Amino acid sequence: MLRCVTVPYTLLGLLEREPSHGYDLKRDYDAFFGRGKALPFGQVYATLSRLARDGKVTDGDLEPGAGPDRKRYVITESGSRELDAWLSQPSEPEPHLQTVLFAKVVLALMLDRPAGAYLDAQRSAHLRRMRELTEVKRTGALMDVMLADYGLFHLEADLHWIDTTAARLSALAEMVRAS
Amino acid sequence: MTSPNSPQAPRTRSGLIEARDIYFSFGHTPALAGASLSVASGEIVAVMGPSGSGKSTLLHCLAGIFAPDRGEVWYEGERLDTRSDTRRTELRRTDFGFVFQFGQLVPELTVADNIALPLLLNKVGRKDAYARADTWLPRMGLDGLGSRRTGELSGGQAQRVALARALVARPRLLFADEPTGSLDTLTGEMVMDLLVGMAREEGSTVVLVTHDARVAAYAEREVMVRDGKVFNPAQTQVEVAQ
């Protein structure tokens, strides 16, 4: 589910780095974000078609070459704005955000955006949600307390990941830019 | 998108306690390097940050335990850092309460003795001091433990005694440094529930130093200390979103 949400923005991010073909986009996606689960070609082209339909990317004429499609995709200003908004807006704090946060950090480093500031903003959003859940615990019935606990422990795990990633940003930036 | 990592500027509204661009070093090792923080009356603020970031040093400077090498600390609109050691010690006795991770109770004394101690040091009569100490036993779930030596208590009980002792003199400011650091999750939650609940009841302002997000979530807002400077993540979020 989270992957479905992330893929369009990830492709936009890769296109913001440089115009590219569907085949190369899939290869880069798999290398940076696939983590053993390759993105199907069908999903790449379907996503690119939707992005083109919505004016987020433009697709050029067919070019000769290997692979099933040699259209060259270029991000538009509207696509760039949408990517920027997604990157800078903290995600809704909820359990199992790792895929989204991971994609945001890697893209931010790749595109020379302030990844540390994005992590700070996300930490703040997480803590705000943790305050709400803590208040539920202080005033709620035991069943509510248990549900709040579940959310709190998962948010806390995210925060550990955020803090550790923040401490590793310099090393990560070197790695991403060298790739 | 403007300077998302800029440290927190002092608030324009004057706080109950404020650090203004303070520096502090242990020998040649800098701990604070231009830290600013303003805490309004009645606020509960969590000071977070990784180990060695300077958050405990900031608390010690705010509380007048350390005098900063540079910069200013203000309490109730007056300079705190320029007061003499004697005046600062007196202020800590009359206006401030402290809860640390451990080691703050006198193990040879009873629970009631420990709670009454700040009042006795403030020249409150013995009978009155012990009567007031006794009222804190049920509030902290310590009924029947008044005559127990604190060295015989569990970690959670000892921390509740420490909290009662910190609040018994009705301090305007409570400084808590990793108050649940030595406790398991549920006991820590009980202590934090009491700390926040009692601070609200007593109208105390709280500066809570912690590296633990679940503890920080009891506060009304958090700031981050990094490399000796204070950052306000909420402010950063606004700037990034813009």
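1. A term to start with: two strands pair if DSSP finds at least two bridges between them. With that in hand, look at strand 7 of chain B, where Leu173(B) is the bridge partner of Phe96(B). Strand 6 and strand 7 of chain B are joined by 4 bridges and pair in the parallel sense. Please keep in mind as you read on that this is a predicted model.

2. That pair belongs to an open sheet of 6 strands in chain B, with mixed pairing and the order 6-7-8-3-9-10. Strand 6 and strand 10 (229–231) of chain B have a single partner strand each and stand at the edges, so one side of each has no neighbour in the sheet. On average, and with direction ignored, neighbouring strands here are turned by 20 degrees against each other.

3. Chain B also has an open sheet of 4 strands, this one with antiparallel pairing and the order 2-1-4-5. Its edges are strand 2 (29–39) and strand 5 (78–79) of chain B; each has a single partner strand, so one side of each is left without a neighbour in the sheet. Within the sheet, strand 1 (residues 17–26) and strand 4 (residues 70–75) of chain B run antiparallel and are joined by 5 bridges. Ile17(B), for instance, stands opposite Tyr75(B) in strand 4 of chain B. Helix 1 (residues 55–62) of chain B packs on this sheet, where it touches strand 1, strand 2 and strand 4 of chain B. The direction of helix 1 makes about 120 degrees with that of strand 1 of chain B.

4. Is helix 5 of chain B largely enclosed or left open? Of its 13 residues, 10 are buried, so the rest of the structure largely encloses it. Among the buried residues are Ala158(B), Val161(B), Leu163(B) and Leu167(B), as well as Arg160(B) and Arg165(B). Their cover includes strand 6 (96–99), strand 7 (173–177), helix 3 (111–121), helix 4 (126–139) and helix 6 (185–202) of chain B.

5. Helix 3 of chain B contributes residues including Ile115(B) and Leu119(B) to the contact, while helix 4 of chain B brings, among them, Tyr130(B) and Trp136(B).

Note on methods: Residues numbered from 1 in each chain as written. Chains lettered and ligands numbered in written order. Predicted model: local features only at pLDDT ≥ 70, side-chain atom pairs only at ≥ 80, totals over all residues. Helix = DSSP H or I, 4+ residues; strand = E, 2+ residues; numbered from the N terminus. Contact = placed C-beta atoms within 7 Å. Axes fitted to C-alpha atoms, helices over the stretch in contact; angles between N-to-C directions. Buried ≥ 20, exposed ≤ 12 C-beta atoms within 10 Å, placed from the backbone.
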